[in-house]
Amino acid sequence: MKAVKSTLLILILSCFGQLFAKNGKFYANLEEAIRNKDKVINLDLSKEFIFDSQIKGIPLVHFPKAVFEMPNLVWLNLENNRIDSIPDDISNLQHLEFINLENNKLVYISENIGELKGLKVLRLISNKLTDIPESLCSLTSLKGLDLTYNNISELPFNFGNMIALEELG
């Protein structure tokens, strides 16, 4: 298991090392990212908390709608929140290549995820998934897929269509 995780990490770093060098600005604050939505390429909202004068320190429980208005987003990290679903609007993120939703509460993934033709890495570790949508099998650019620590008992029939898949966890 350690070998698979370290190989997947190497794959992630190799896929995105050049991207980070060219586009080094990471946004790690949702408010700042919203103000600069056309410029956002890398967005890290892991352990992102909703801050307001009354309530502090509440993890994200929904996929932030503002993310779907970031047309150039390539790299998205929503790890360690409490997000329960990947909504239909995911298809708005046509440039997305990497998404990490590790350690959330995911029970649902929209079929629209199959429209992200450039997606290379999808990390869904430690969620509450019992199945994955058939449309995921149409992601022929996907190189890394990690579904470990979920309750998935059966993969879609066309799972073998993901011809670029190098790492499966």
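Biologist: Is Lys-120 buried, exposed or partly exposed?
Modeller: Lys-120 counts as partly exposed, because its relative accessibility is 23%. Buried means under 20% relative accessible area, exposed over 50%, and partly exposed in between (1.4 Å probe, protein chains only). This is a predicted model, where local features need pLDDT of at least 70, side-chain atom pairs count only at pLDDT 80 or more, and totals for chains, interfaces and linings use all residues. Residues are numbered from 1 along each chain as its sequence is written, and side-chain values use heavy atoms, with hydrogens and water left out.

Biologist: What does the side chain of Lys-120 meet in a salt bridge?
Modeller: Glu-97, at 3.9 Å from N to O. A salt bridge is a side-chain nitrogen of Lys or Arg within 4 Å of a carboxyl oxygen of Asp or Glu.

Biologist: How many salt bridges does the structure hold?
Modeller: Three. One of them joins the side chains of Arg-123 and Glu-102, at 3.0 Å from N to O.

Biologist: Why does that pair tie together parts that are apart in sequence?
Modeller: Arg-123 is in strand β9 and Glu-102 is in the loop between β7 and β8, so the parts they tie together are 21 residues apart. Strands (E, at least two residues) are DSSP runs, numbered from the N terminus.

Biologist: Is Arg-123 buried or exposed?
Modeller: Buried, with a relative accessible area of 16%. Glu-102 is buried too, at 17%.

Biologist: Switching topic, which residue does Lys-37 meet in a salt bridge?
Modeller: Glu-69, at 3.6 Å from N to O. Lys-37 counts as partly exposed at 32% relative accessibility, and Glu-69 counts as partly exposed at 47%.

Methods. Helix = DSSP H or I, 4+ residues; strand = E, 2+ residues; numbered from the N terminus.
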